Every structure is written in C-alpha cells, then in structure tokens.
Amino acid sequence: MNSASNGVIVDPKSAVVDSKVGTIGPPTREKWRSQVDFVMSCVGYAVGLGNIWRFPYLCYKNGGGAFFIPYLISLVLAAIPVFFLEVALGQYTSRGCIEAWRICPLFQGIGYASTVIDFLCNIY
C-alpha cells in the first residue's frame, strides 16, 4: 500500500482506505480549488486558435452576414445550452462525459456520441 500526503492510504486495487475512519470506498476525485480555475479551464477548452483565425475566413468565404446570422442562431439555440447542460451535469455527478449520462438509462448514448463528436472535431 502507498501512503499519500493527505493522510489517505491508497490501495493498488483502487480502493481508498481512510486512516482516521477506517472505511473502504471508491476512490475520490479531485475538485476545483476555486470557481476561477473552473471557468478558465472551460474557456481554454472552448476557445482555441482555430476559432479565432478560421471563423473570419469562413465568414468571408461563405457570404459574410449571410453566414454569420445562421451561425449565431445555432450558437444561441443549440451550442451554448448543450455546453452548459454538459458542464452542469459533469459538475453535479463528478464524473466524465460518458459516466455522467448514466443518471438516466435513456440518455446513455449521449455520452458516447459527445465523445465521438469531440474526437472528430479535434482531428478536423
């Protein structure tokens, strides 16, 4: 068994044994230290150089305002609400994007679909 610096003894089989209480349970996940850390992490995830350099080019190439109006509509009606839903559910359940949707068996495919979409967007 390995000893951690916070007084928790970590078993190699991923169980956590608390030295003060003596209970065994699943491993605990790390939490954000402050809300600013969380917000900056979300901004770093959502905004990249591809958005800053590529968007004006696509706007110019596809007709300027004619491209910008549907982009804003889809951003406001679809992208931002789904982003906030996913972030809020992840914060509430303290799980990853696949495990968080197990809260309702009907929605389990959303986690897998979002992982595939993230992968495809990252390689594009």
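1. A contact here means heavy atoms within 4.5 Å. On that basis, S114 touches E86 and C97, with residues up to four places away in sequence left out of the count. The model discussed in this note is a predicted one. S114 belongs to helix α5, which covers residues 108-123. This serine counts as buried because its relative accessibility is 11%, and buried means under 20%.

2. As to the overall architecture, the protein contains five helices and four strands. Their order along the sequence is β-β-β-β-α-α-α-α-α. Of the 124 residues in the protein, 11% are buried; S114 is one of the residues classed as buried.

3. Among contacts in the protein with a separation of 6 or more, 19% are accounted for by residues 24 or more positions apart. The protein exposes about 10,200 Å², and 67% of this area is supplied by carbon and sulfur atoms.

4. Helix α3 spans residues 65-93, and F67 is located in this helix. Leaving aside residues up to four places away in sequence, F67 touches F55, L58, C59 and N62. F67 is classed as partly exposed because its relative accessible area is 24%, a value that lies between the limits of 20% for buried and 50% for exposed.

5. Helix α3 also contains L77. With a relative accessibility of 66%, L77 counts as exposed, since the class requires over 50%.

6. The side chain of T93 reaches back to the backbone oxygen of L89, at 2.9 Å. T93 also touches A100 and I103, when residues up to four places away in sequence are not counted.

7. Which side chains meet in a salt bridge? They are those of R102 and E99, at 3.8 Å from N to O. A search of the whole structure finds one salt bridge. Side chains of opposite charge can pair when their charged atoms come close. The distance of 3.8 Å qualifies because the criterion is a side-chain nitrogen of Lys or Arg within 4 Å of a carboxyl oxygen of Asp or Glu. Both partners are partly exposed: R102 has 41% relative accessibility, and E99 has 40%.

8. The cysteines deserve a separate remark. How many disulfides does the model contain? The count comes to zero, where a disulfide would need a pair of cysteine sulfur atoms within 2.5 Å. C97 is partly exposed, at 29% relative accessibility. C104 is also partly exposed, with a relative accessible area of 24%. C97 is one of the residues touched by S114, and C59 is among those touched by F67.

Note on methods
Residues are numbered from 1 along each chain as its sequence is written. This is a predicted model: local features need pLDDT of at least 70, side-chain atom pairs count only at pLDDT 80 or more; totals for chains, interfaces and linings use all residues. Side-chain values use heavy atoms; hydrogens and water are left out. Helices (H or I, at least four residues) and strands (E, at least two) are DSSP runs, numbered from the N terminus. A polar contact is a pair of N or O atoms within 3.5 Å; within protein, one must be able to donate a hydrogen and the other to accept it, and residues adjacent in sequence count only if both atoms are side-chain atoms. Buried means under 20% relative accessible area, exposed over 50%, partly exposed in between (1.4 Å probe, protein chains only). Accessible areas come from the Shrake-Rupley method with a 1.4 Å probe; for residues, only the protein chains shown count as cover.
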